[in-house]
Amino acid sequence: MASDLARGAYSGKETFFYYNSATYASPTFVEMKRVRNIQTNRGPNLGDVEFHGAAETGAIPGYKKFSGSFEYVRRKGADTVYDFLVDARDSGEILDIAHLNGTIILTASVGWRCPILLGEFSESANGNDGVVVTIPFSKADCYTTAGDEVNYASFTGTTPP
Amino acid sequence: MITPISRHELAELASKLADPELKSWCDGSGILDSGEIVYADTEMLSRCFASAGSFSQESKPKSKRKKESKREDIQRQRGPKLDPIADVGQGSQDERITRS
């Protein structure tokens, strides 16, 4: 085995998706194991400007946006994670989620963390396929109790002491 | 910092806490099946264990505690461990004293 070679790409299956079940300041992250196909969109809205003297329109960066979706494979019987997601959707409660390219207990794992709101769930039950719910989300407008605005942030894991 | 802990251990911890803030944090953290591992904030967990009066032992995951106690048993059977590095250090210090 060539011990001086390291793999480049990584698959979606190797990533980890968590929600925070405690507080933003002192989180307790719970892995959502039954998710797949996590997609995110992040970047500024580009607005075109036009004026009399311009030969062509040009773009200027607008507000940055963060949104996305993931699929949740339903489990027959009790499923506390799915129930939690449904409660959060129905109550409009802000969820703090994190997506990392490795487990949260490794400093090498990098990804993002963001407070989000869940949108309209769309469930598909079709023939041989497992029942899957597509869950869209968008960054929530929120503040900590100290009054600090909370936005999308890059996030790394930490190795426990 | 994040510390892995089982839902069962968190629930047990919550039952020992009198402070409503800490209790609520522990309860909020434990919504899963009892065997499920969650990743809790180490500082808050330390506060909870300290408040429950048993931080030193219970803050460590069960498997780690078992390993440690097993290691301690073996150590007890073998007798005191000699530390070669400490001996060398002691020797060189003695040498320095003699030379000066």
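This is a predicted model: local features need pLDDT of at least 70, side-chain atom pairs count only at pLDDT 80 or more; totals for chains, interfaces and linings use all residues.
Chain B to begin with. There are six helices and two strands in chain B. Read from the N terminus, the order of the elements is β-α-α-β-α-α-α-α. Chain B has 100 residues, and 29% of them count as buried. Now the contacts in chain B between residues at least 6 apart in sequence: 64% of these join residues at least 24 apart.

Next, the interface. On the chain B side, 18 residues are in contact with 21 residues of chain A. The two chains bury about 1600 Å² between them, and carbon and sulfur atoms account for 59% of that area. Which elements of chain B give two or more residues to the side that touches chain A? They are strand E1 (2-6), helix H2 (20-29), strand E2 (37-41) and helix H3 (42-52). E2(B) supplies the largest share, four residues. Sorted by class, this side of chain B has ten nonpolar, four polar and four charged residues.

How many salt bridges are there between chain B and chain A? The count is zero. For polar contact, the count is four residue pairs between the chains, with both residues at pLDDT 80 or more.

Last, the strand pairing. E2(B) is joined by two bridges to strand E2 of chain A, residues 28-31, and the two strands run antiparallel. In this pairing A:Thr28 stands opposite B:Ala40. So much for the pairing; to return to E2(B), this is the strand that gives four residues, the largest share, to the side of chain B touching chain A.

Key
Residues are numbered from 1 along each chain as its sequence is written. Chains are lettered from A and ligands numbered from 1 in the order in which they are written. Side-chain values use heavy atoms; hydrogens and water are left out. Contact means heavy atoms within 4.5 Å. Buried area is the accessible area (1.4 Å probe) that two parts lose on being put together, summed over both. A salt bridge is a side-chain nitrogen of Lys or Arg within 4 Å of a carboxyl oxygen of Asp or Glu. A polar contact is a pair of N or O atoms within 3.5 Å; within protein, one must be able to donate a hydrogen and the other to accept it, and residues adjacent in sequence count only if both atoms are side-chain atoms. Ala, Val, Leu, Ile, Met, Phe, Trp, Tyr, Cys and Pro count as nonpolar, Asp, Glu, Lys and Arg as charged, and the others, Gly among them, as polar. Two strands pair if DSSP finds at least two bridges between them. Buried means under 20% relative accessible area, exposed over 50%, partly exposed in between (1.4 Å probe, protein chains only).
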